[in-house]
Amino acid sequence: MRLLTHNMLSSNIKGVTNGFPLRIQVEKVVEKQVEINHDFLRNIFPKIDWKAFSDASRIMGYNELPEEPPEPSVLESDVEFLGKFHHALLELHLEEGALLCPETGRKFPVSKGIPNMLLLEDEV
Amino acid sequence: MSSDRVLQDGIAEFYDQSSGLWEDIWGDHMHHGFYDPASNFSASDHRAAQIRMIEESLRFAGITDEPEKQPKTIVDVGCGIGGSSRYLARKFGAECHGITLSPVQAERANVLAKDEGLADKVSFQVADALKQPFPDGQFDLVWSMESGEHMPEKAKFVNELARVTAPGGAIILVTWCHRDLGPSEESLQPWEKKLLDRICNAYYLPEWCSTSDYVKLLQSLSFQDIKAADWSEHVAPFWPAVIRSAFTWKGFMSLLRSGLKTIKGALVMPLMIQGYQKGVIKFAIITCRKPE
């Protein structure tokens, strides 16, 4: 599971008012190289919840991202920053671990990089 | 265990067991091909027909080729092994998230995405279409290609499709329905129900609804530009072709190896043809747009 995916997932348990972001429990992180695409990064940037993303990257062991979101102009010119953004967003994978509902603590397992978001009957 | 849970487990197991065989013989698109009614075709045209199904669906929904209006984020509800997800991600340069009940399918989908150089654009999760793990309004395009027939509680299913659609975004729902009921009809005829029950049993399908049931649900959610069509005549060659593939040596041996659930599914294929021929089963497309 990439952090781009993590930034789009939320807990859907009945009664939970704020299920985003899911807390990450790491067992195994894998780095998978992907070709960088600057335009893609610029397009996706406005859709990213930056705080959730930068917090998640630190939990995954990557400390290069600022806590505050950069100004959009940074993405136009700062190639070094784009590289870090790209790496954290697309190249860090939670291979084994879990995602926890921020309100209830319920664990959604992540196995072979695939989150299992199925709920039990009493959570629906 | 509730019946919904039993159904979910059945669906997951059916696809865990059958996906490999299907992919081996038919490739990574687990949906009908779209054919011109009067044309002749050869066996090799089916893959092209499956791609055409995707393109015709996009066209029906009015998804244009204009770059500014193309979807940037897509959810593939009932994604199978990700055929649609990868196609759409590649076509639009979009981010696509697929959900399936089958862990085997999700894993295979990820492997195929990596093989095709799309690992940065598509991701797959095991999740329930009736309880999608996404916040509201995430996706420019909500895509459900032949998965709606598996959903119990159609109202919940449509509600979730609607919830995750972004303002101004589109829903494309292609699914098996039963015929619309006449004005004086409360339900299908007993023989029609019996036919569908046998199909439901083999394919892990809950009760069917009609195309106009879906339209009414979307109307009640205030969606705009709601369009629906019956594409049954455009998919007619598909099931006979699938049956023929089961009778090839490769198909037959694969069936024997795959398991009882898959075999049962294969045996019921003639009923699908019967259902279409008798006008009970309709291959429907329903599309609409969320107001800005």
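Which residues of chain B does the UniProt annotation "domain: Methyltransferase type" cover? The entry, an unreviewed one, puts it at residues 75-173 of chain B; UniProt positions here follow the numbering used in this text, feature names are shortened, and annotations may be inferred rather than shown by experiment.

This is a predicted model, where local features need pLDDT of at least 70, side-chain atom pairs count only at pLDDT 80 or more, and totals for chains, interfaces and linings use all residues. Residues are numbered from 1 along each chain as its sequence is written, chains are lettered from A and ligands numbered from 1 in the order written, and side-chain values use heavy atoms, leaving out hydrogens and water.

**View 1. The annotated stretch of chain B.** Residues 75-173 of chain B are 34% helix and 30% strand (DSSP runs numbered from the N terminus: helices are H or I, at least four residues; strands are E, at least two).

**View 2. The open sheet of chain B.** Seven strands line up as β3-β2-β1-β4-β5-β7-β6, with mixed pairing (to pair, two strands need at least two DSSP bridges between them). At the edges are β3 (122-126) and β6 (224-230), each pairing on one side only. Strand-to-strand twist averages 15° (angles run from 0 to 180 degrees between N-to-C directions, and axes are lines fitted to C-alpha atoms, for helices over the stretch in contact). Strands β1 (residues 73-77) and β4 (residues 139-145) of chain B run parallel, joined by three bridges; D76(B) has W143(B) in β4(B) as its bridge partner. Packed on the sheet is helix α5 (residues 154-164) of chain B, touching β1, β4 and β5 (165-178) (contact means heavy atoms within 4.5 Å). The direction of α5 makes about 155° with that of β5(B).

**View 3. Helix α6 against helix α12 in chain B.** Helix α6 (residues 190-203) and helix α12 (residues 269-277) pack at about 140°, axes 10 Å apart. From α6(B) come L195(B), R198(B), I199(B) and Y203(B), meeting residues of α12(B) that include M269(B), L271(B) and M272(B).

**View 4. Where chain B meets chain A.** Here 32 residues of chain B touch 25 residues of chain A. The two chains bury about 2400 Å² between them, 60% of it on carbon and sulfur atoms (buried area is the accessible area, 1.4 Å probe, that two parts lose on being put together, summed over both). On the chain B side, D120(B), V126(B) and K131(B) lose the most area, together 24% of what that side buries.

View 5. F20(A) and P21(A) are joined by a cis peptide bond, omega about -5°. S222(B), not a glycine, has a positive phi of about 65°.
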